[in-house]
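Subject: Structure handover

Hello,

Here is the structure you will be working with. Please open it alongside this note. My findings follow below.

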Amino acid sequence: MTRSCLSIILAAGEGTRMRSGMSKVLHPVAGLPLVGHVADAAAAAGADAMAVVTGRDSEAVERFVAARFPAASFHRQIERLGTAHAVLAARDAIAQGYDDLLVLFGDTPLLTADTLRTARALLGTGAGVVVLGFHTQRPEGYGRLIVADGQLHAIREEKDASQAERAITFCNGGVMVLDGRRVAPLLDAIGNDNAKGEYYLTDIVALARQAGHGVVALEADASELVGVNTRVELAEVEAAWQARQRRQAMLGGATMIDPSSVFLAHDTVLDADCVIEPNVVFGPGVRIGTGAVIHAFCHLEGVTIAEDCAVGPFARLRPGTQLGQGAKVGNFCETKNAEVEAGAKINHLSYIGDARVGAGANIGAGTITCNYDGALKHHTDIGSGAFVGSNSSLVAPVRIGDGAYVASGSVVTEDVPPDAMAIARGRQVNKDGYGRTVRERNAAAKAARSGKA
Ligand code: UD1
Ligand code: CA
């Protein structure tokens with residue numbers, strides 16, 4: 001039987017060490033706010049409800065979470081009186097009655113759903129409280145886990161710990177999984193008689209033991225539990241996240257020649273047998289199909305690339321770009337809101353925006369869709385098999401019919417019928433001997449001037 005599960009995400013942190021006008025938990029890793037990573041992990045671990053406890057900058061945090069998880073509930077902790085006090089800010093949500101409560105911190109984006117699932121499974125075997133712990137040679141600042149006979153007896157916060165307890169290197173990672181049917185009264189029993197005068201969530205361990213519940217410390221990888229307090233740590237966590245996801249992508253069948261120079265977004269999808277060359281940056285919303293090659297130095301965001309396409313080197317593909325099977329976008333090209341159909345080629349120095357490029361069409365070097373008239377954006381439609389000569393300007397709204405030709409250097413302002421040829425440029429005139437005339441006149445003028453000097 002599946003157990004109902006509420007995740008409680010504490011996001012009331014002051015985050016002053018970020019030196020930011022924005023709440024700490026909204027700072028992004030891989031293009032997604034920290035709290036988004038935590039919420040995604042909770043949801044992936046089966047949490048069917050989410051309660052977010054906010055403090056500073058509540059509204060911006062609430063707006064972000066609500067957009068991603070419309071059913072989330074929000075609870076404000078006005079005074080910051082400790083982690084148990086923060087959890088109890090979500091009292092209304094807890095009172096709905098859940099089998100499992102996941103208590104998570106909003107600033108630990110490396111926590112995985114797998115670890116949370118393992119912790120939940122332990123509750124399923126009868127424990128009342130599961131605490132995620134980690135071993136470290138530098139335990140300073142963390143709560144120490146006091147374990148005997150395989151059971152966790154208590155958590156002692158650094159400031160309240162004895163000399164002997166401070167020597168313990170097994171620490172509280174902050175994540176707790178609680179039996180929602182049994183621990184609710186224990187949360188209310190937590191007091192604030194300690195060195196900090198705070199309501200410590202960690203006191204629930206000793207209280208649960210006294211009430212006869214099983215309490216377990218589950219060892220997790222320390223790297224999953226690191227929190228972000230400064231921008232230096234933000235960058236470290238980003239690096240760790242990237243390393244982990246590159247590895248996943250490669251194990252999933254994507255080739256990376258120099259993985260350390262490829263930057264993934266939280267939702268990048270790389271299908272098997274694609275090749276990502278060095279120095280490629282993926283913004284959010286990218287999917288790369290099987291067999292596609294992204295050459296060096298490309299930036300892609302909000303794009304879907306079908307099988308066997310080639311992109312770059314040095315291409316920028318902006319949101320709304322879709323490449324059909326085998327399409328090519330070459331060096332120094334920019335695309336935006338562009339549907340490029342199968343086999344079409346945009347090989348050199350082009351801007352294609354707000355456009356469709358039909359199957360098999362060839363867009364010559366330097367072609368520009370003039371999509372913006374200073375007020376509005378307009379659409380360009382290029383038919384299948386069309387050939388647009390180099391250095392053409394297509395002034396939208398305009399349609400180039402299937403199989404039509406556009407002569408090089410044209411400024412196309414009117415629709416071109418299918419299979420027609422458009423030539424829209426000054427006609428060439430050759431004046432015999434006039435090149436020599438100009439050269440001689442210039443030489444004479446130069447001599448006259450140097451004679452004067
Ligand atoms: C806490 C744990 C400690 C653990 C460490 C792991 C307690 C008492 N201690 O200590 O055992 O080793 O995390 O990082 O739980 N928060 C609120 N409201 C509050 C207080 C805290 O929302 O009133 C949130 C913070 O924003 C943060 C989290 O709870 O996300 C932890 O609070 P923090 O003050 O950083 O606890 P630590 O002293 O680090
Ligand atoms: Ca902390």
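For the charge count, Lys and Arg are positive and Asp and Glu negative, while His and the chain ends are left out. On that basis the protein has 43 positive and 49 negative charges. Their mean positions lie 10 Å apart. Please keep in mind that this is a predicted model.

Overall form

The C-alpha trace spans about 105 × 65 × 40 Å along the principal axes. The radius of gyration is 31 Å.

Fold content

There are 11 helices and 36 strands in the protein. Take the contacts between residues at least 6 apart in sequence: 43% of them join residues at least 24 apart.

Surface and interior

Of the 453 residues, 47% count as buried. The accessible surface is about 21300 Å². Carbon and sulfur atoms account for 51% of that surface.

One hairpin to look at

Go to strand β8, residues 144–148, and strand β9, residues 151–156. How do β8 and β9 pair, and over how many bridges? The pairing is antiparallel, over five bridges. One bridge joins Ile146 to Ala154 in β9. The hairpin has two residues between its strands. In this hairpin, Asp149 takes a positive phi near 55°. When you view the strands, remember that side chains in a regular strand alternate between the two faces of the sheet.

Best wishes

Key: Residues numbered from 1 in each chain as written. Chains lettered and ligands numbered in written order. Predicted model: local features only at pLDDT ≥ 70, side-chain atom pairs only at ≥ 80, totals over all residues. Heavy atoms only, no water. Helix = DSSP H or I, 4+ residues; strand = E, 2+ residues; numbered from the N terminus. Rg over C-alpha atoms; globule rule 2.2 N^0.38 Å. Buried < 20%, exposed > 50% of the residue type's maximum accessible area, 1.4 Å probe, protein only. Contact = heavy atoms within 4.5 Å. Areas by Shrake-Rupley, 256 points an atom, 1.4 Å probe, with all protein chains shown as cover. Charge placed at Lys NZ, Arg CZ, Asp CG, Glu CD. Pairing = 2+ DSSP bridges.
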